[in-house]
Amino acid sequence: MMDTFFLSHGSPTLSIDEGLQARRFMQSWRDQVLPEVPKAILMVSGHWDVSEPTVNVINGPNDTIYDFYGFPKSMYQLKYPAPGTPALAKRVKELLQEAGFGRVKEDKHRGLDHGAWVPLMLMYPAADIPVCQLSVDSAKDAAYHYRMGKALAPLKDEGVLLIGSGSATHNLRAIGRDGAPPPSWAVDFDNWLTDALLNGRYEDVNNYLVKAPNAKMAHPWPDHFYPLHVALGAAGENTKAEQVHQSWSNGTLSYSSYRFKAAE
């Protein structure tokens, strides 16, 4: 049985910046976090935000999407041609429809956005594990995405690694200079999230807009937070959370990342 994970991918410069602690964490993935090799990976990225659940159904290698602007040229030359997996895409669609999510669209052209390929490039650099992406919907709430995760829980028993990729804090208007200390609003939210997860207060996490300090400051838009709810829901009943990494960049970007393990 695979654990599920939420990874904060922070800035796109994670792809090239050797100074980022989160980069070194992801590069150590196979040695220190998950030595088991998954049959396939389902990435739920905050960078695919559409109004209906959608999976990418790709035969052959996934395209590498450069959905960022104004960064060093070398970043646009990186490639992550992991094979697509139509079989996993169909399985995701089946599970969501069986759980009452209605229509699930298939996108037969979209590759991997940087919320997917940047972490995976560091974690599985050979790009030899099949990857499928699932969208989020920022017009829905956290509980909706938690239920989506619950519907996908059977994938863990099928050798699929489900990763929610977003950011523990994500306010791009409040980005600071690199090396700046994180402001109190970001630290307070980040600490609250870790405490709530590690102590099993998952209803609070689903109701974070009411329960968390500075929730709207930490996430003016919820797209980068909802992947966490999917990963948490997919872990199953009596889930145990573990923080596997914590660091900061650009003052306000938390790289807090979590493993969710279902009770045996």
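Start with Lys156, which sits in the loop between α5 (142-151) and β6 (160-166). Helices (H or I, at least four residues) and strands (E, at least two) are DSSP runs, numbered from the N terminus.

A word on the source: this is a predicted model, where local features need pLDDT of at least 70, side-chain atom pairs count only at pLDDT 80 or more, and totals for chains, interfaces and linings use all residues. Residues are numbered from 1 along each chain as its sequence is written, and side-chain values use heavy atoms, with hydrogens and water left out.

Back to Lys156. Lys156 is buried but has no salt bridge. Buried means under 20% relative accessible area, with a 1.4 Å probe and protein chains only. A salt bridge needs a side-chain nitrogen of Lys or Arg within 4 Å of a carboxyl oxygen of Asp or Glu. The nearest side chain of opposite charge, Asp157, is 5.5 Å away. Lys and Arg count as positive, Asp and Glu as negative; His and the chain ends are not counted.

What does Lys156 touch, leaving aside neighbours within four places in sequence? Its contacts (heavy atoms within 4.5 Å) include Met1, Met2 and Ala262.

Next, Thr85. It lies in the loop between β3 (54-56) and α3 (86-98). Thr85 is buried, at 11%.

Now backbone angles. Most residues other than glycine have a negative phi. Ala127 has a positive phi, near 55 degrees. Its loop runs between α4 (114-123) and β5 (131-136). Asn250 also has a positive phi, near 50 degrees.

Note on methods
Buried means under 20% relative accessible area, exposed over 50%, partly exposed in between (1.4 Å probe, protein chains only).
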